[in-house]
Amino acid sequence: MEAAVAKQDAEKFAELVQAKLSGNRAAAASLLQQAIKCLNKETPADVLPAEVLATFPGTSLSAPRGRYDMIFTSTGVTFSGKTPLGPIRWDAVRYFLKLPKLETNRTAGTVAKTYWLVLVLSQPLTVGKQECQCIALNANGTKAPQCPPALQPAGEDQRCAGILKDLAAAGETSEYLVLSKCLETMIGADKALSPEPATCVLEAVQAWKGVDEGVLYPLSAGLCFLPKPAVFLPIEDIFDAEAGSNSGPRGGELIIHRLSEKKPTVFGNLAGADGPALLAYLASVVQRRSEEDDPDFEDDDEEDPDFVADAPPAKRRVVTRSQTRGTDAVLVDQVG
């Protein structure tokens, strides 16, 4: 019965697409392909694509890697391509991260040339044989999208149209602003996160997870590692952290103990001065989590030398492959 209902709704959706996109064959074909995918998987009717608001053609993804047409509906987003992703409901996005990529000689907090826009999902999305916790989009911070968004009339919902109109009027048309403003509006501003000086002195840190090179972002809601594997460690899952004994070319190792995993999550090959700053950040989020869980929590960490493994104090340094809040930022020496 449910399969029959799903089939009927998919056929109605196909007719709607043909009627609304009669002048855009490529977009119509892409959406019809997605409807067929939904039909074949016998997707319940309540998660089938709703009336289309906008299509963002040729959106580049880092995780999973590839180019997709990103399709906005009133209820969620679908990434249409060779292997379609979604639909993902807007309320299934736990956080929306706006993360500047590492760049040489860029001051933290200023406009970056390129960004990651990350959808952290409440439940992993199955892609082939893998499960994706994060969907990471690439966005140019200085140039407009190569393919402009295609708006569709969708009743009274003119949110995307209003955003694009306001950005154009202000002369702000970079791909980053177009995508981030539209996504933030649909997902909710309360879920949008960016690196903040009050959270950690480091905006971004080069690191390795196993054999994969990437970037760590200390955020108020957790720690994110990109691009592969795209991992988000929420603060409520972080139990403790310590410095490891990695002796690689850069020397540093960060070991994070999680409540949901028996084995710790390890990030290696950190620059020497980055480890203490990350440990201080993690200690603060663990304390904050404990205070939120127990309002009567008392901080005894200063009397407990084993809370964080011994690590050398941070020193004044020049930015290398991490991004601090200034080109000669001083990390506070925590030794009395």
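Colleague: Which residue does Arg89 meet in a salt bridge?

Modeller: Arg89 pairs with Asp91, side chain to side chain, at 3.6 Å from N to O. Keep in mind that this is a predicted model.

Colleague: Is Asp91 buried or exposed?

Modeller: Asp91 is exposed, with a relative accessible area of 55%. Arg89 is partly exposed, at 32%.

Colleague: How many salt bridges does the structure hold?

Modeller: Five. One of them joins Glu236 and Arg94, with the closest N and O atoms 2.1 Å apart. Glu236 sits in the loop between β13 and β14 while Arg94 belongs to strand β5, so this pair ties together parts that are 142 residues apart in sequence.

Colleague: And how accessible is Arg94?

Modeller: Arg94 has 31% relative accessibility and counts as partly exposed. Glu236 is partly exposed too, with a relative accessible area of 36%.

Colleague: What does Glu184 form a salt bridge with?

Modeller: Its partner is Lys98, and the closest N and O atoms are 2.8 Å apart. Glu184 is in helix α4 and Lys98 in strand β5, 86 residues away, and the pair links distant parts of the chain. Glu184 is buried, with a relative accessible area of 18%, and Lys98 counts as buried at 17%.

Colleague: Let's stay with α4. Why is that helix described as largely enclosed?

Modeller: Because 11 of its 13 residues are buried, the rest of the structure largely encloses it. Among the buried ones are Tyr176, Leu179, Cys182, Leu183 and Met186.

Colleague: What span should α4 have, going by its residues?

Modeller: Helix α4 covers residues 175-187, and at 1.5 Å a residue it should span 18 Å. Its end C-alpha atoms are 18 Å apart in the model, which agrees. Just after the helix, Gly188 takes a positive phi of about 120 degrees.

Colleague: Switching topic: which residues touch the most other members of the largest nonpolar core?

Modeller: They are Met70, Phe72, Phe79, Leu119, Ile135 and Leu183, in a core of 38 residues. Helix α4 gives the most to this core, with eight residues. There is also a second, separate core of 23 residues, including Phe225, Val231, Ile238 and Val286.

Colleague: What is Phe72 in contact with, leaving aside its neighbours within four places in sequence?

Modeller: Its contacts include Val52, Leu53, Phe56, Trp90 and Cys160. From α4, Cys182, Leu183 and Met186 are on the list as well.

Colleague: Now the whole chain. How many helices and strands are there?

Modeller: The chain has five helices and 17 strands. It has 336 residues, and 48% of them count as buried. Among contacts with a separation of 6 or more, 54% are between residues 24 or more positions apart. The chain exposes about 17,200 Å², with carbon and sulfur atoms supplying 51% of that.

Definitions and conventions
Residues numbered from 1 in each chain as written. Predicted model: local features only at pLDDT ≥ 70, side-chain atom pairs only at ≥ 80, totals over all residues. Heavy atoms only, no water. Helix = DSSP H or I, 4+ residues; strand = E, 2+ residues; numbered from the N terminus. Expected span 1.5 Å × (residues − 1). Buried < 20%, exposed > 50% of the residue type's maximum accessible area, 1.4 Å probe, protein only. Core = buried A, V, L, I, M, F, W, Y, C linked by side-chain atoms within 4.5 Å. Contact = heavy atoms within 4.5 Å. Areas by Shrake-Rupley, 256 points an atom, 1.4 Å probe, with all protein chains shown as cover. Salt bridge = Lys/Arg side-chain N within 4 Å of Asp/Glu carboxyl O.
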